[in-house]
Amino acid sequence: DKQPSYERIPDVDPNHAQIIMDSKKNILNNGTVIVSGTQMRKNEFAISLTGAELTSTKKTIKDDLFYYLSGEDLEKKNKISMMLPDLKSRTVKDILIEYSYKQENELLKTNLGYGISSSYRFLDSFLNTPEYYVSDILISSFPYSVKSKSIIQNVKVKNIKSLNKEIKSPWVYISRKFKVNGQDLEVKSEIIIYKNLILNEDLRKPEFIKLKKELEENFKDVAIIFSK
């Protein structure tokens, strides 16, 4: 009280707050998809699960994570397995999630055969930014980065490199690369959210309008058409 001060902590480094995802998708003949993999939440990104068992049951936490991972409210029979560390500590530390689940209606039916989505939910906040907004837009609690590798097993694809794309901007960086490894398709992607808040004045800047257009053209409603 004798020497008061006002201090501001530095912004979170997006390369420090990370989520690292590694998954495999096995597409059965009846169209059902078995998904298994790991998700590592590092440093600041682990905050959302730190101490979660102090306020929620393990079952509730797992149900929430199954929904987060799959993007749908899975039936009990389709939640194959999930392993979590102890989440009773309030001390933030890296959290590893191991999981496996089944999706019965994941595939898209097209006139060229079956397809599987390659969209990114992490980019939804950038796409839902109409120019008529009169306020700033909160993207996330802090800047962060996502590194992902997904393997789709036993599929045949054509012209897959046409979906490779890299976008750089002051707000977000995103890269997506496809590679055929034998009978499998490997998808590697990286997303870096540089700014967790989009200022209202930025929404009408030519650079941001260009970014939004590129995201809509290359990352919204993208599907991989394959054959078995």
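Mentor: On a 1 Å grid over the protein atoms alone, a cavity is a set of points where a 1.4 Å probe fits but cannot get out, whereas a pocket is an open set with protein on both sides within 12 Å along at least five of seven lines; lining residues have an atom within 4 Å of a point. The model is predicted, so local features need pLDDT of at least 70 and side-chain atom pairs pLDDT 80 or more, while totals for chains, interfaces and linings use all residues. Residues are numbered from 1 along each chain, and side-chain values use heavy atoms, without hydrogens or water.

Trainee: How many cavities of 30 Å³ or more are there by this rule?
Mentor: The largest cavity holds about 60 Å³ of space, a volume being the space filled by probe spheres set on points joined across faces, edges and corners. With the limit set at 30 Å³ or more, the count is one.

Trainee: Which residues line the largest cavity?
Mentor: By class, its lining has three nonpolar, four polar and two charged residues; Ala, Val, Leu, Ile, Met, Phe, Trp, Tyr, Cys and Pro count as nonpolar, Asp, Glu, Lys and Arg as charged, and the others as polar. The lining of the largest cavity consists of T50, G51, P85, D86, L87, S89, T91, K93 and I95.

Trainee: How much space lies in the largest pocket?
Mentor: The largest pocket is lined by 36 residues. By class these are 17 nonpolar, 12 polar and seven charged. The space in the largest pocket is about 940 Å³.

Trainee: Which helices and strands each supply at least two residues of that lining?
Mentor: Helices (H or I, at least four residues) and strands (E, at least two) are DSSP runs, numbered from the N terminus. The helices that meet the condition are α1 (58–70) and α2 (124–127). The strands are β1 (18–27), β2 (33–42), β4 (95–103), β6 (113–117), β8 (144–153) and β11 (184–193).

Trainee: Which lining residues lie nearest the centre of the largest pocket?
Mentor: Strand β6 ends at residue 117, and S117 is one of those nearest the centre.

Trainee: How much space lies in the second largest pocket?
Mentor: R41, E44, F45, I47, S48, Y68, R121, F122, S140, S141, F142 and Y144 form its lining. By class they divide into six nonpolar, three polar and three charged. The second largest pocket has about 280 Å³.

Trainee: How many aromatic pairs does the whole structure contain?
Mentor: Rings of Phe, Tyr and Trp (its six-membered ring) pair if their centres lie within 6.5 Å; planes under 30 degrees apart are stacked, over 60 edge-to-face and the rest tilted. A search of the whole structure gives four.

Trainee: How many residues apart are F45 and Y144?
Mentor: Their rings lie 5.2 Å centre to centre with 65 degrees between the planes, an edge-to-face pair. F45 sits in the loop between β2 and α1 and Y144 in strand β8, so the pair links distant parts of the chain, residues apart: 99.

Trainee: Are F45 and Y144 buried or exposed?
Mentor: Buried means under 20% relative accessible area, exposed over 50%, partly exposed in between (1.4 Å probe, protein chains only). F45 has 12% and Y144 has 8%. Both therefore count as buried.

Trainee: What kind of pair do F66 and Y101 form?
Mentor: F66 is in helix α1 and Y101 in strand β4, so the pair ties together parts 35 residues apart in sequence. F66 is buried at 5%, and Y101 is buried at 4%. The ring centres are 6.4 Å apart and the planes at 90 degrees, so the pair is edge-to-face.

Trainee: Which residues do ring pairs link into a cluster?
Mentor: F66 and Y101 form one such ring pair. The cluster is F66, Y99 and Y101.
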